[in-house]
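Work through the exercises below with the structure in view. Each task is followed by a solution in steps.

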Amino acid sequence: MTPMLSRRTFLQASAALGGAFALGAGLAARAGTTPGPQVLTAQLAQAQITVDGVTPVMTYGLGDAPHAALPPVLRMRKGEAYAARLVNRLDEPTTVHWHGLRIANAMDGVPEMTQPYVYPGDHFDYLFTPPDAGTFWYHPHCNTLTQMGHGLTGVIVVENPADPNFDAEIVLNLRDWRLGAGGKYIDPFKPRHAARGGTYGTVRTANWQQEPVYDAPAGGLVRVRIVATDVTRIYTIGVEGAEAKVVALDGNPVEHPFLLDRMDIGPGQRVDLVLRMPDGEGARATLGNFRGSNPWTIASFRAAGPSLKRHHRDVAPLPANPVAEADLSTAKRIPLELTATAEHKATPSICGSLGFTFWALNKVPWPGDTPDPIAPIEELKLGKSYVLEIANRTPHAHPIHLHGLSFRILSSNKRSFLPPPTDTILLLPDEQAEVALVADNPGDWVIHCHIIEHQKTGMTGYFKII
């Protein structure tokens, strides 16, 4: 592998050319079709997250829109070019990773691998065409525990004109904050927790509010887009007071929508529900987290106006995304083991280090966001099919996210329901699963646990597609 420092020099020299080749998943730009960029500013702000104080946060501002602390929902269209200029007004480097979008490698937002750091006062231009419709999100891939923990997590909605119509749409960005008295930050993690399941936040929010209430048409069908942007928490979601159908998971439609009972979602994952609102004015449906022994309310939905008397059968399934199916008869099989590793000090990094190494992929711990070279897990051939034999050799759950590609879960010793194509699999303790993919997007694609303490303490690697 080419040393990272020489790659960084190349990236800095060629960053201005990124838009010329950066339309994702094989869609090429045509003259006159490139949009003007949305200006996305990483900046500091103040937010009222707790009742007893104001919290300094990191957030994104959008163009000249009135400032709000909550990062904006970015709306794109399937198959249409999208451009954004990240302007960094923080006091440290940052980037943007477009989580779940199958776009060109140069636009993936991983410093020291796909692009240079965006230093304070500098900017970086992103240009790509989302090939898939659905619910996605965006966040930095630099000093992630602090930057994400302080607010840099926003939702992406990629619209498809062929989608069915709904009576309302509600987007929920779920995340914790580690705050103490007066809304002040406390230590972002504890090493003994990072070496286990992760360090949980102390304040639980949806759209940066505790137990928010949203009005929606009585008797109507509401699309609820749920994104778990927390750095640690795994949710077990359920709805009480109304029926909700699962119509998409991790951006991809469910072939046969089904009623939600209880569903686990880990950091990085998304669920799209169609909620049939109660008929009575003022009646409420409640989205809750039922994980653990003390269930709690995430958000509530209050019926407003006369009943529309809609029914779930009024909505057709969502159109499928163009995800290639692996040829299992020719697929090469690759073992991927999630393991603990011998503890040692991590290498210092411009993008931040937790100072520890606890985790590994195939017994190799990632050294951190540094210029140190490291070999890929495997070199994949463009257009070929592969099956990853993933084994969680630990007593903790790990949401494993793969950049730039989608995969299909073929089998598991821990689950009976196999979801549609996805970019993140929540591997349970001692779970063994097989996932299939087509290596149809060239470049270096990171794979990591999305419990950020695990990612930053070794459970990261990458595949090279050539």
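**Exercise 1.** Find which residues line the second largest cavity of this predicted model, and sort the lining by class.

Solution. Step 1: the lining of the second largest cavity consists of Ala133, Gly134, Val158, Asp163, Arg223, Ala248, Gly251, Pro253, Leu318, Pro319 and Asn321. Step 2: by class, this lining divides into six nonpolar, three polar and two charged residues. Step 3: the volume of the second largest cavity is about 70 Å³. Step 4: the structure holds five cavities of 30 Å³ or more.

**Exercise 2.** Describe the largest pocket and state which strands supply its lining.

Solution. Step 1: the volume of the largest pocket is about 450 Å³. Step 2: 22 residues line the largest pocket, and the closest to its centre are Met263, Asp264, Arg415, Phe417 and Pro419. Step 3: at least two lining residues come from each of β15 (252-259), β16 (263-265), β17 (270-276) and β26 (424-427). Step 4: the lining of the largest pocket has 13 nonpolar, three polar and six charged residues.

**Exercise 3.** Classify the ring pair of Trp98 and Tyr126, and say where in the chain the two residues lie.

Solution. Step 1: the structure holds twelve aromatic pairs. Step 2: the ring centres of Trp98 and Tyr126 are 5.4 Å apart and the planes stand at 75°, so this pair is edge-to-face. Step 3: Trp98 belongs to strand β5 (residues 97-99) and Tyr126 to strand β6 (residues 123-128), and the pair links distant parts of the chain, 28 residues apart. Step 4: Trp98 and Tyr126 are both buried. Step 5: Trp98 and Tyr126 belong to one aromatic cluster, which also includes Tyr60, Tyr82, Phe124, Phe128 and Tyr138.

**Exercise 4.** Which arginines lie over the faces of Trp177 and Trp296?

Solution. Step 1: over the face of Trp177 lies Arg175, at 3.9 Å from the ring centre. Step 2: over the face of Trp296 lies Arg204, at 4.1 Å from the ring centre.

Notes: Residues numbered from 1 in each chain as written. Predicted model: local features only at pLDDT ≥ 70, side-chain atom pairs only at ≥ 80, totals over all residues. Heavy atoms only, no water. 1 Å grid on protein atoms, 1.4 Å probe; cavity = no way out; pocket = protein on both sides within 12 Å on 5 of 7 lines; lining within 4 Å. Points joined across faces, edges and corners; volume = space filled by probe spheres on them. Helix = DSSP H or I, 4+ residues; strand = E, 2+ residues; numbered from the N terminus. Nonpolar A, V, L, I, M, F, W, Y, C, P; charged D, E, K, R; others polar. Phe/Tyr/Trp six-rings, centres within 6.5 Å; stacked < 30°, edge-to-face > 60°. Buried < 20%, exposed > 50% of the residue type's maximum accessible area, 1.4 Å probe, protein only. Lys NZ or Arg CZ within 6 Å of the ring centre and 35° of its normal.
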